[in-house]
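Q: Please walk me through this model step by step. I am new to reading structures.

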Amino acid sequence: MKLRYFSHSSFQITTNNGKVILIDPFLDNNPTSPVKSKDVKADYIILTHAHGDHLGDSFKIADKENTLIIAVNELADYFLGKGYKAHNMHIGGSYNFEFGNVKFTIAHHGSKTPDGEYGGEPAGVIITIDGKTIYHTGDTGLFYDMKLIGEMNKIDWMLLPIGDNFTMGITDAVKAVELTNPGTAVPMHYNTFPVINVDPFEFKNKVESINKKCKVMEFGEEIEI
Ligand code: NI
Ligand code: MN
C-alpha cells in the first residue's frame, strides 16, 4: 500500500490492488499542495468534516458514478443531495468496504460546509487496509480517549495536526502520540497558512524524545507503508 501526503490534512492511499482513496482532498486553494484536483482521481473520498480546507475539491474530483464519498451522516447526505454517491456512517461505527475497514471516531472541532450547511459532528477515522491501520485524527484538540483508541487498535500510522490555533499544537500533539502509541506519527495541518506555521522537526524531536517514531512527510511525497 502507498501513502501520499499532499500537505495540510490531505492524503492519498493506493491499495495493493490499485484502489485510490483520498482523505480530505484540499488541493486547488491549498498554497502548499504540489498536486491539484485535475491531477487526481478517486475511487473513494473519506472526509473527516465539512470545513473548506477538508471538503476541499471533493466535488471537482468525485465522479458521480464511480466515486463513493464516505462521511458522517449529515455530510454524506449533503453529497447525496447533490447527486453524488455516498456512504453514510457515524462516530463509533465501522464498515467493511471492498478496500478495507473504516471506523469513525470522535474529534473535538466544528463542522460547517463552505456554503453554510451543518456538516454533522467532526470526526477522526481509523482505516485498516492490507493489514495496516492508519488513524487520521481529523482536526481536533487533544482528548484522553486517544488512549482508548490506542488500546483497542494497533495503530501503525497516526496522522495528526500540529499547527495549533485551530487544532492541537506541538505540545498537545506529542501527548496525543504518547496516549495513542502508534507505530509512526506523521504531522499534518501545519504551514499551509501563516497562522498555523510551526516547525515539524520540533515535533519530530519531541516525539523521538519519548521514544516514538515520527516521519515528517514532504508535501507531495509518497511512501510505501
Ligand atoms: Ni476544520
Ligand atoms: Mn482544518
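**Contacts, strands and buried residues**

Q: What share of the contacts in the protein is between residues 24 or more positions apart?
A: Among contacts in the protein with a separation of 6 or more, 57% are between residues 24 or more positions apart. Contact here means heavy atoms within 4.5 Å.

Q: What should I know about where these values come from?
A: This is a predicted model, in which local features need pLDDT of at least 70 and side-chain atom pairs count only at pLDDT 80 or more, while totals for chains, interfaces and linings use all residues. Residues are numbered from 1 along each chain as its sequence is written, chains are lettered from A and ligands numbered from 1 in the order in which they are written, and side-chain values use heavy atoms, with hydrogens and water left out.

Q: How many helices and strands are there?
A: The protein has 6 helices and 14 strands. These are DSSP runs, numbered from the N terminus: helices are H or I with at least four residues, and strands are E with at least two.

Q: Why is the protein called as compact as a globular protein of that length?
A: The radius of gyration is 16 Å, close to the 17 Å from the globule rule for 225 residues, so the protein is as compact as a globular protein of that length. The radius is taken over C-alpha atoms, and the rule is 2.2 Å times the number of residues to the power 0.38. Along the principal axes, the C-alpha atoms fill a box of roughly 50 × 35 × 30 Å.

Q: What percentage of the residues counts as buried?
A: Of the 225 residues, 56% count as buried. Buried means under 20% relative accessible area, exposed means over 50%, and partly exposed lies in between, with a 1.4 Å probe and protein chains only.

Q: New topic: what is the order of the strands in the open sheet?
A: The open sheet of 7 strands runs S7-S8-S9-S10-S11-S12-S13, with mixed pairing. Its edge strands are S7 (94-96) and S13 (213-214), each of which pairs on one side only. Two strands pair if DSSP finds at least two bridges between them.

Q: In what sense do S10 and S11 pair, parallel or antiparallel?
A: Strand S10 (residues 132-136) and strand S11 (residues 157-161) pair in the parallel sense over 3 bridges. Tyr135 stands opposite Met158 in S11.

Q: And S3, which strands does it pair with?
A: S2 and S3 pair in the antiparallel sense over 4 bridges, with Ile13 opposite Ile21 in S3. S3 also pairs with strand S4 (residues 44-46), in the parallel sense over 3 bridges, where Ile46 of S4 is the bridge partner of Ile23. In the hairpin of S2 and S3, 5 residues lie between the strands, and Gly18 takes a positive phi near 90 degrees.

Q: Which residues cover the two faces of S3?
A: Val20 and Leu22 lie on one side and Ile21 and Ile23 on the other, and all are buried. In a regular strand the side chains alternate between the two faces of the sheet.

Q: Where is Thr15 found?
A: Thr15 is in the loop between strand S2 (10-14) and strand S3 (20-23). Thr15 is buried, with a relative accessible area of 6%. Apart from neighbours within four places in sequence, Thr15 is in contact with Ile21, Phe99, Ile129 and Asp130.

Q: Which residues of H5 are buried?
A: They are Ile170, Ala173, Val174, Ala176, Val177, Leu179 and Thr180. These pack against S10, helix H4 (146-152), S11, strand S12 (184-188) and helix H6 (200-209).

Q: What about Phe143, buried or exposed?
A: Phe143 counts as buried, at 6% relative accessibility, and is found in the loop between S10 and H4. Not counting residues up to four places away in sequence, Phe143 touches Ile106, Ala107, His108, Tyr135, Ile149 and Leu179. The C-alpha atoms of Phe143 and Leu179 are separated by 9.2 Å, although the two are 36 residues apart along the chain.

Q: Last topic: what is said about positive phi values?
A: Most residues other than glycine have a negative phi. Ser7, which is not a glycine, has a positive phi of about 120 degrees. Ser7 is in strand S1 (residues 2-7) and is buried, with a relative accessible area of 0%. Asn165 has a positive phi near 65 degrees and lies in the loop between S11 and helix H5 (170-180). Just after H5, Asn181 takes a positive phi of about 60 degrees.
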